[in-house]
Amino acid sequence: MVKSLAISLIALIIMKNLNMSVIGLSVLTILSMGATSVAMGGVELNGLYTTDFVMGLMVTLTLFVAILSYLSSVKIHRKASFNLMIISISLILVMSFSVSSFFLFFFFFESVLAPLLLLIVGWGYQPERLQAGGYMVIYTVFGSLFFLWGVSELYISGLSSSMSSVVSLVKKSGMSLWWLYILGFLIKLPMYPFHLWLPKAHVEAPVAGSMLLAGVVLKLGGYGLLRFMMVMQMSLSSVFFVLLLVVNLAGGVYAGLACVRQVDLKCLVAYSSVAHMSLVLLGVLSNTVLGVVGAIIIMIGHGLCSSGLFSYVNAIYKMSHSRLLVMNKGGFLVCPSLVLMCFLLSSSNMAAPPSLNLFGEILVFGVGGWMSGVFLLTLGLMSFISACFSLYLYGSCCHGKGVSHSESLNLSSVCDVFVLAAHWMPLNFMFMFMP
């Protein structure tokens, strides 16, 4: 308890220095609960909230990315309203990861769309932000209705809607339409071919929206699927299960190839999220200990790495006022410190040691090889393509003859480099504290 209170106090002091004492006071208790949950192992509080290791990791990731997204948006108009959106998204995400009821999870799962949509529409870059917001809402709400249908079927059948108390009962009764009930999670991850809303939302969102969306919001799909898999029973040889895995891996390969041909930096990072989330889906659907642990590690690693890459894209966008690759060459001549951080984050994105992505992918690769040799070959191809588009991003932005920018050195502030370093350090040193 003393350790958790100390962590909360430090966070409150930092937020107060950032004129964010309101956030600090709001999440003080939640931070204490999240830090304590890591040591407690797993406790359900009053039938509404649950604390376990996964919940503690997700809550910590949410608050960490929220603070860094705020630091990346120091020069933004309508600051008070912007802070309110960041607070709302953060608190809703924390509640989503904390509740133990599927009905409450569905409520917060959908509630996060409201402030996220306002963030995109209010602080987006182009008129197309209205279309991007509409795509995001229609896709995610439509898929989530099937999840609500499945949870309602549990309740109507006389079973509890709790994430922990229905495990043995549902596994005996089975859920024949499980593939339909998880559609909302597949869209939120997102899985190919339900990914079309994600690049549009990233391109139009401000940097804080992109960092929260890639770093945390997408993890709602993996977290919800992980909890829902605990109450489902499926045959690994069923047609729907095999088809889902095949489409998922093929979509991961396609998303990686799509990254290599992108000319927009935000689209490149967005499609790389689709490729990495296919590994998370494979690990969760395997329903094995190694697969689930690997999926959780990849989610944490991807949350830090993708958020850092979006912050880097914003840093160079402030120099060139363009997201095109051809307009952002020659980073060595402009700001070598940003080039160093781009190299470190790109190497972590391709699962170079000692990043969390490497440990997670090793576990998922082992599970994929256990399931099928073809799956293992496909995962190897995905890993190779991941290295290709990560090097493509680094080489295109950091080498070559760049376009001169008069404001480059002024706008590449120390804050940008600090935010990027804050993403990279836990991504590569957190493995030391893994149990």
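Reader: Which side chains meet in a salt bridge with Lys318 or Asp416, and how do I read such a pair?

Author: Side chains of opposite charge can pair when their charged atoms come close. The cut-off here: a side-chain nitrogen of Lys or Arg within 4 Å of a carboxyl oxygen of Asp or Glu. In this predicted model, Lys318 and Asp416 form such a bridge with each other, at 3.0 Å from N to O. The pair links distant parts of the chain: Lys318 is in helix H16, Asp416 in helix H22 (residues 414–429), 98 residues apart. Helices are DSSP runs of H or I with at least four residues, strands are runs of E with at least two, and both are numbered from the N terminus.

Reader: What should I know about the model and its numbering before I go on?

Author: Residues are numbered from 1 along each chain as its sequence is written. The model is predicted, so local features need pLDDT of at least 70 and side-chain atom pairs count only at pLDDT 80 or more, while totals for chains, interfaces and linings use all residues; side-chain values use heavy atoms, with hydrogens and water left out.

Reader: Is Asp416 buried or exposed?

Author: Buried means under 20% relative accessible area, exposed means over 50%, and partly exposed is in between (1.4 Å probe, protein chains only). Asp416 has 3%, so Asp416 is buried. Lys318 has 22% and counts as partly exposed.

Reader: How many salt bridges does the count come to?

Author: Three. One of them joins Arg227 to Asp52, with the closest N and O atoms 2.6 Å apart. Arg227 belongs to helix H13 (residues 219–229) and Asp52 to strand S2 (residues 49–52), distant parts of the chain 175 residues apart. Arg227 is buried at 9%. Asp52 is buried too, at 13%.

Reader: Which residue forms a salt bridge with Asp264?

Author: Arg323, with the closest N and O atoms 3.3 Å apart. Both partners are in loops: Asp264 between helix H14 (239–260) and helix H15 (265–285), Arg323 between helix H16 (289–320) and helix H17 (331–334). They are 59 residues apart. Asp264 is buried at 13%, and Arg323 is buried at 11%.

Reader: Which residues lie nearest the centre of the second largest pocket?

Author: First, the terms. On a 1 Å grid over the protein atoms alone, a pocket is an open set of points with protein on both sides within 12 Å along at least five of seven lines; a cavity is a set where a 1.4 Å probe fits but cannot get out; lining residues have an atom within 4 Å of a point. Here, Lys75, Ile76, Tyr125, Asn314 and Lys318 lie nearest the centre, out of 18 lining residues. H16 gives the largest share of the lining, three residues.

Reader: What is the volume of the second largest cavity?

Author: A volume is the space filled by probe spheres set on the grid points, which are joined across faces, edges and corners. For this cavity, that is about 100 Å³. Of its 13 lining residues, Ala275, Leu279, Met382, Ser383 and Ser386 are the closest to the centre. H20 supplies the largest share of the lining, six residues.

Reader: Where is Gly150 found?

Author: In helix H7 (residues 129–156). Gly150 is buried, at 0%. Gly150 and Trp178 are 28 residues apart in sequence and 7.8 Å apart in space, C-alpha to C-alpha.
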